[in-house]
Amino acid sequence: MKKLGLGVLFLAAFLMCVPASGSAMSAEEFARMYDQLEKIDIGGALRVQYNYKDWDDAQDEKVGDFGFDTFRLNLDGEIGDMIMSAEYRFYPQYNFHAPHHGWVGYNFNENWQGQIGVHQVPFGIQPYASHNFWFTGAYYNGFEDDYDMGIKALYNNGPWDWAFAFYKNEEFGASDPGRYSIDVLNTGNGNEETNQGNIRCAYTFTHDENNSTEFGLSGQYGQLYNTQTEDTGDGYAGAAHIVGNYGNWNIQLEGIQYEYDPENPEGANDDVITVGGYSFTWGAPTEATMGIANVAYTLPVDVGPISSLTFYSDNTVIEPDNDDWNTTWQNVVGCLVAAGPVYTYIDVISAENMTFMGGSMVDNLDGWQASNNRNTRLNINVGYYF
């Protein structure tokens with residue numbers, strides 16, 4: 001697939017470079033161009049998904065739904081010290097398509113790398129604070145696998161990892177919820193992210209070849225521009241995390257504290273901030289403490305094409321500062337089945353007052369309601385990655 005894509009690109013480049021009159025590009029120049037194209041990796045994924053929700057009467061009658069989840073294309077390249085990465089995703093079930101990320105970068109030396117464009121916000125456990133397909137509750141508040149538009153500097157030297165970033169705004173427009181990562185959106189009380197700074201530091205203790213422990217701290221501060229009052233509020237978040245790799249075991253622990261102080265119009269609820277993604281918007285507490293505790297065990301196997309089974313239990317608790325909102329919790333137990341290019345996540349998600357789980361972290365916004373009921377969802381996602 002990669003060779004076919006490169007061949008098409010090479011042929012297109014050849015046709016574009018032959019002038020209507022005069023001499024064509026030399027063989028040496030085309031060889032150099034082809035060498036550069038060979039350094040661009042083309043990849044992607046196709047995923048389908050079955051789900052069953054125990055609180056949905058229609059699904060109960062039909063015994064779940066089976067749909068086309070995602071199709072995505074990736075481009076990753078490196079020419080000299082110049083690097084780039086881009087990904088575009090299509091979500092037909094949620095009726096949107098959008099860039100996941102897209103940035104260009106430069107390796108200044110073996111320790112420093114710079115990136116500009118839409119890239120992952122350096123906050124908390126990276127790249128994911130979870131083992132499952134559904135992610136933790138932090139994702140649904142914008143604190144896991146978030147992507148914004150800005151510049152980032154990465155420093156790695158032995159056990160030290162540092163990241164410094166500045167984001168002018170979220171990835172594209174603050175009014176469209178048709179996006180992958182979760183952001184503050186101006187469709188509620190008019191707030192949108194701007195001028196955000198991030199710093200993240202992590203240190204890894206390597207005990208031996210198969211055992212290591214990472215300790216990390218993250219900080220985030222940014223402004224919230226309100227399109228209705230034309231005033232600017234602000235918000236901050238901090239996180240501390242531990243990631244342990246001990247043989248076949250992996251442990252993730254993270255604590256997050258965040259607070260938004262928006263300049264809302266008169267009469268608006270200052271205890272709720274509107275966030276959104278996957279074509280939906282919902283309310284989140286403006287101030288909360290989150291706890292994440294995850295554990296996973298990978299079992300190598302040799303059963304047909306299946307090479308490993310990873311069993312996991314990922315847990316999130318969100319405690320709002322406002323006593324009017326109830327505690328949100330989520331548990332995901334399941335198994336990742338790895339079989340060559342095919343990865344299958346079998347997740348059983350249980351939650352209370354959780355977005356997309358028959359509840360809500362806050363009441364009376366965008367039609368989502370906190371139910372204080374425990375709901376359960378079976379989610380099976382099968383993906384072919386190329």
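Visitor: Which strand gives the most residues to the lining of the largest pocket?
Guide: A pocket is an open set of points on a 1 Å grid over the protein atoms alone, with protein on both sides within 12 Å along at least five of seven lines; its lining residues have an atom within 4 Å of a point. Strands are DSSP runs of E with at least two residues, numbered from the N terminus. With 4 residues, the strand that gives the most to this lining is β1.

Visitor: What kind of model is this?
Guide: Residues are numbered from 1 along each chain as its sequence is written, and side-chain values use heavy atoms, with hydrogens and water left out. Local features need pLDDT of at least 70 and side-chain atom pairs count only at pLDDT 80 or more, while totals for chains, interfaces and linings use all residues, for this is a predicted model.

Visitor: How much space lies in the largest pocket?
Guide: The lining has 46 residues, and F133, W134, F135, Y180 and Y278 are those nearest the centre of the pocket. Elements giving two or more residues to this lining include β1 (40-53), β2 (65-79) and β19 (374-385). A volume is the space filled by probe spheres set on the grid points, which are joined across faces, edges and corners. For the largest pocket, that space is about 1,100 Å³.

Visitor: Which strand gives the largest share of the lining of the second largest pocket?
Guide: This pocket has a volume of about 250 Å³. Its lining has 13 residues, and Q126, L154, D161, A163 and R200 lie nearest the centre. Two elements, β6 (147-157) and β7 (160-170), are those that give two or more residues. The largest share, 4 residues, comes from β6.

Visitor: What is the volume of the largest cavity?
Guide: A cavity is a set of grid points where a 1.4 Å probe fits but cannot get out, and there are 2 cavities of 30 Å³ or more. The largest cavity is lined by 19 residues, with V184, E193, Q196, Q220 and Y260 nearest its centre. With 5 residues, β10 gives the most to that lining. The volume of the largest cavity is about 160 Å³.

Visitor: What is the volume of the second largest cavity?
Guide: Among the residues that line this cavity are Q120, F143, D146 and Q220. The second largest cavity has a volume of about 50 Å³.

Visitor: Is S181 buried or exposed?
Guide: Buried means under 20% relative accessible area, exposed over 50%, and partly exposed in between (1.4 Å probe, protein chains only). S181 lies in the loop between β7 and β8 (183-184). Because its relative accessibility is 1%, S181 counts as buried.
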